[in-house]
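Student: I am new to this structure. Could you walk me through some of the terms used for it?

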Amino acid sequence: DLGRWLADGSIEFLGRNDFQVKVRGFRIELGEIEARLAGHPAVRETAVLAREDGSGGKRLVAYYTGDAGLSVDDLRAYLAEALPEYMVPAAFVYLEALPLTANGKLDRKALPAPDGDAYAARGYEAPQGQTEQTLVAIWAELLKVGQVGRHDNFFELGGHSLLAVTLIARMRQAGLNIDVRALFSAPTLAGLAALADNGSQAEQVVIPANRIPAGCTAITPDLLPLVSLAQADIDRIIAAVPGGAANVQDIYPLAPLQEGILFHHLMESEGDAYLMPVLMAFDTRERLDGFLAALQAAVARHDILRTSVAWEGLPEPVQVVWRQAPLKVEEVAIEAEAGDAAEQLAERYDPRHYRLDV
């Protein structure tokens, strides 16, 4: 159980410590949301889940019993008074009673998926014009909602920054040229459509060709058309790249979402919200070597897998694309040890398998 001491010496129950989840890089305690929602005078029982949103991400969904007449907007506003935006659920589902297991405990697996009415929606007004019609189709597919009005808000319908990237890509495929910052400044369907109409008439942004030739031994400011850096800044960046200038393919600024990722990285006191460790096992050395060779081939093919970020001592953060980024593989030998440690190792690692940290 998770609780906190109050000034009068009593303990306030916040929920279960094993109900902590990570959504969009934020660590969230579901019990804290449930406790706050249960404080609403018209709410009797609550439960909060982090459900798959259909795009590989997760969104928070709140379930409650009590007054069936409560609106999603009222509940969102109530929680927003005490919780940060990322902890306010995207959907609120009213139930006559929470499902229980045979032992009388909450059956979280039986909680239903939210429908379109569970999300915040403004007064419905049908979309107008071809651009709004196009956006309605894209939003409905990405957000998994049945009806989208021209005054609905992308984020209130369950959208988030990761889905925003997909949305902008789909819009560009449909001929609507706009960047992701426009969505944050105009998150309603009508507002985004108006910006897209203005921007879609403009020519596509032309990205200048890479000016750094292969085998280059000295990089100067004129070789970097996408960023303004003094020679001293360039030299500082190159000094941190194995192989120096000859191993630098390009240098340019961070995209807006990358700036957010860097911000969260710098704010973390332990670990990294965007670092996802994966443990895999191979029954032969040949299969392990084959996997590493395939992974190295992917790194060689895709620039983003050879990209580092530099910011210390620079006027702005930049990303640095390396020409070559060989995988660093550390082989760890697991030796038999006396006592319980040996038994624990034997249970955790099959001696026929290899464990490598990459």
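Student: Which residues does Leu167 touch, not counting residues up to four places away in sequence?

Tutor: Leu167 touches Ile138, Trp139, Leu142, Phe154, Leu183 and Leu192, where contact means heavy atoms within 4.5 Å. This is a predicted model, in which local features need pLDDT of at least 70, side-chain atom pairs count only at pLDDT 80 or more, and totals for chains, interfaces and linings use all residues. Residues are numbered from 1 along each chain as its sequence is written, and side-chain values use heavy atoms, with hydrogens and water left out.

Student: What makes Trp139 and Phe154 an edge-to-face aromatic pair?

Tutor: Rings of Phe, Tyr and Trp (its six-membered ring) pair if their centres lie within 6.5 Å; planes under 30 degrees apart are stacked, over 60 edge-to-face, and the rest tilted. Here the centres are 5.4 Å apart and the planes make 65 degrees, so the pair is edge-to-face. The pair links distant parts of the chain: Trp139 is in helix α3 and Phe154 in the loop between α3 and α4, 15 residues apart. Helices (H or I, at least four residues) and strands (E, at least two) are DSSP runs, numbered from the N terminus.

Student: Which residues touch the most other members of the largest nonpolar core?

Tutor: They are Leu135, Trp139, Phe154, Leu167, Met171 and Leu192, out of 24 residues in that core. The largest share, six residues, comes from α3. Such a core is a set of buried Ala, Val, Leu, Ile, Met, Phe, Trp, Tyr and Cys residues joined through side-chain atoms within 4.5 Å.

Student: Why is Gln319 called buried?

Tutor: Buried means under 20% relative accessible area, exposed over 50%, and partly exposed in between (1.4 Å probe, protein chains only). Gln319 has 5% relative accessibility, so Gln319 counts as buried. Its place is in strand β10.

Student: And why is Pro208 called partly exposed?

Tutor: Its relative accessibility is 32%, so Pro208 falls in the partly exposed class. Pro208 is found in the loop between α6 and α7. Leaving aside its neighbours within four places in sequence, Pro208 is in contact with Pro225 and Leu226.

Student: How do you know that Arg36 sits over the ring of Tyr78?

Tutor: A charge sits over a ring if NZ of Lys or CZ of Arg is within 6 Å of the ring centre and within 35 degrees of the ring normal. Arg36 lies over the face of Tyr78, at 4.0 Å from the ring centre.
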